[in-house]
Every structure is written in structure tokens, then in C-alpha cells.
Amino acid sequence: MRFSRLTPWAAGLAAAALVAVPAAASAGQQDTAASRTSGAATAAAGSYDSYSYSYSYDSYYAPAEGKTGAALKAALHDIVKNQSKVNYDGVWNALKATDQDPANPNNVILLYSGRSQSKSTNGGGANDWNREHVWAKSHGDFGTATGPGTDLHHLRPEDVTVNNTRGNKDFDEGGSPVGEAPGSLTDADSFEPRDAVKGDVARMLLYMAVRYDGGDGFANLEMNDQVNNGSAPLFGRISLLKQWNRIDPPDAFEQRRNQVIFDVYQHNRNPFIDHPEWVDSIW
């Protein structure tokens, strides 16, 4: 099991020397890990302009090697649960780095809208962007507590109005077009994201189902194949999310995001971005 990658952001930088991450990059961060497995990186709060990495993840995923099904899920949980944590205020600056527009370092890309918007327009106004919990925080009632409520692997910038429209709905197909989110649809009990991020949504939810198993004081988050899950610690629909994972494989933006979270903030990875084939091995 060997995984190595050089991102488009790293073009021409493969031979760069390691650069220490400034302390400002960790604003709002808690429980800093004593050691890191890191590629070449440079960062500051709200900015992560370029880095290179090309190395094997054999050691990171070694405990999962050769496993399938429940054994693979358990092994991945044991791997990704080792993380640093970001508090909810710190999420603002973190998203400015993780979701930075590769074409404009002053902007972030909004998840469902696909819009490039100024980093400085975060807030609560109608045209601001705020912090979208892809695994809706009411599904398991974890709110914004440090842990699932602040885990960057499922928090994304989104237009305030679109975020409210999505609410805590499960993911499914169909409905009416969502204003300010071209290609997204919604109805009374579900939300369908635009095609370009369908796989991203699936992999974020599946990460959450692996990372949070009830053993650290939070609910045991699990997948099912229905909508209207309400406040239960469940999310659907798994059959559709598996399809989305296949038809929309990880792209450079998603890979870069995973790396920034690993290098700078939480020091854990979303394994389904590195190994999307593991989705079908588990579910």
C-alpha cells in the first residue's frame, strides 16, 4: 500500500527545503502534537500559498494494510483519532487557509455555491460566508464543541443564505434549484450539492463516521440509507454517497485541503481522500 503525490500547487517546488510553520498558523489551535509527519510547507494564519510534498504514507496507514470491512474501519479510526484540535473561533482562520482559492489567495471557494469570495467577508450577513458543518451538528447534538463541532475535515465556507437553506438536511437527489448555489437542489428533507463537490461531501461524511465512534464523549456517528434522520447521530443516504465517491474522485483542491489540515492544523488525514477505494471496502 503505497501512496505518494505531488500536487499542482507544488509544481516546480519538489526540491524545496522544509520550512517551519509560523506560530501564527496555529492561532486557535489546542493540544499541539509533539511530532509531525510533514511535507515541505509554509503557512500563516489565513494563508497557505504554496508547498510541496512527495512522500509515502505507508507508515501512516500501516495499521490498516490488508484489512477490509469492519476491521478496516476500526483500524482507520485508531489512526485518525490522533489529532490536534482547533477551537470554534480558530476555525475562521483555518478555513481561510484550507479553502483558499488557488487562483486568488485573497479569496476562499464556497462549497455548495462554488463562488470565489473575499476571505474578509466572513460573518453572519446575508451575503457573508460562514462555517458550514457538512455533518450537520444536530445529527448527534454535538453543537460547536471542540471535537466533531470543530473538525476541519467536514467544516467548509459557505454563503450564509445557502447554509441556512441546507440546514440539517440529509443528502439525496432532486428538488428545486438553490439560489446562490448553481447546480444544487433541495426539497423538504434533503439537499443535493453541485456535481463538482458530490464526492467531497461523501468523503467528509464518511470520515466523520470513522473518526467519531462514541469513545471520546461524543455520539457514535454512523451512516444509514435514509433521510429525515433529525437529531439521531446518523446520516444518509449511504448508497448514494458511495456513488458520489465513485463518480467524483478527489481532485487537486480536495487533496491540497487534506494536506493543509494535516500539516498545519489537526495533523490527521481524511483517509478516503488518499484512498477513495476504501469506501467500498467498508460500506
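Strands β8 and β11 (residues 190-192) pair in the parallel sense over two bridges; two strands count as paired if DSSP finds at least two bridges between them. Strands (E, at least two residues) and helices (H or I, at least four) are DSSP runs, numbered from the N terminus. The bridge partner of F171 in β11 is F191.

The model is predicted: local features need pLDDT of at least 70, side-chain atom pairs count only at pLDDT 80 or more, and totals for chains, interfaces and linings use all residues. Residues are numbered from 1 along each chain as its sequence is written, and side-chain values use heavy atoms, with hydrogens and water left out.

**Sheets**

β8 and β11 belong to an open sheet of four strands, in the order β8-β11-β10-β9, with mixed pairing. At its edges stand β8 (170-171) and β9 (176-178), each with a single partner strand, so one side of each has no neighbour in the sheet.

Another open sheet has three strands in the order β3-β4-β5, and its pairing is antiparallel. Here β3 (100-101) and β5 (116-118) are the edge strands; each has a single partner strand, so one side of each is left without a neighbour in the sheet. β4 (residues 104-109) pairs with β5 in the antiparallel sense over three bridges. N107 stands opposite S118 in β5.

| Strand pair | Sense | Bridges |
|---|---|---|
| β8 and β11 | parallel | two bridges |
| β4 and β5 | antiparallel | three bridges |

The chain has nine helices and 13 strands. Of its 283 residues, 53% are buried, where buried means under 20% relative accessible area, exposed over 50%, and partly exposed in between (1.4 Å probe, protein chains only). In helix α3 (residues 88-98), nine of the 11 residues are buried, so the helix is largely enclosed by the rest of the structure. Among them are W92, L95 and K96. The buried residues of α3 pack against β2 (85-86), β3, β4, β6 (129-133), β7 (155-159) and α7.

A209 lies in helix α5. It counts as buried because its relative accessibility is 1%. Leaving aside residues up to four places away in sequence, A209 touches K73, W135, L221, E222, M223 and W283; a contact means heavy atoms within 4.5 Å. The C-alpha atoms of A209 and P233 are separated by 9.4 Å, and these residues are 24 apart along the chain.

**Cavity**

A search of the whole structure finds one cavity of 30 Å³ or more. A cavity is a set of points, on a 1 Å grid over the protein atoms alone, where a 1.4 Å probe fits but cannot get out; lining residues have an atom within 4 Å of a point. Grid points are joined across faces, edges and corners, and a volume is the space filled by probe spheres set on the points. About 80 Å³ of space lies in the largest cavity. Its lining includes H153, D200, E254 and N270. α5 (198-211) and α7 (252-265) each supply at least two lining residues, and α7 gives the most, with four.

**Confidence**

The chain has a mean pLDDT of 85, and 80% of its residues reach 70 or more; pLDDT is the predictor's confidence in each residue, from 0 to 100. Over residues 1-55, pLDDT stays under 50. Where pLDDT is low, the predicted coordinates should not be read in detail.

Conventions:
On a 1 Å grid over the protein atoms alone, a cavity is a set of points where a 1.4 Å probe fits but cannot get out, and a pocket is an open set with protein on both sides within 12 Å along at least five of seven lines; lining residues have an atom within 4 Å of a point.
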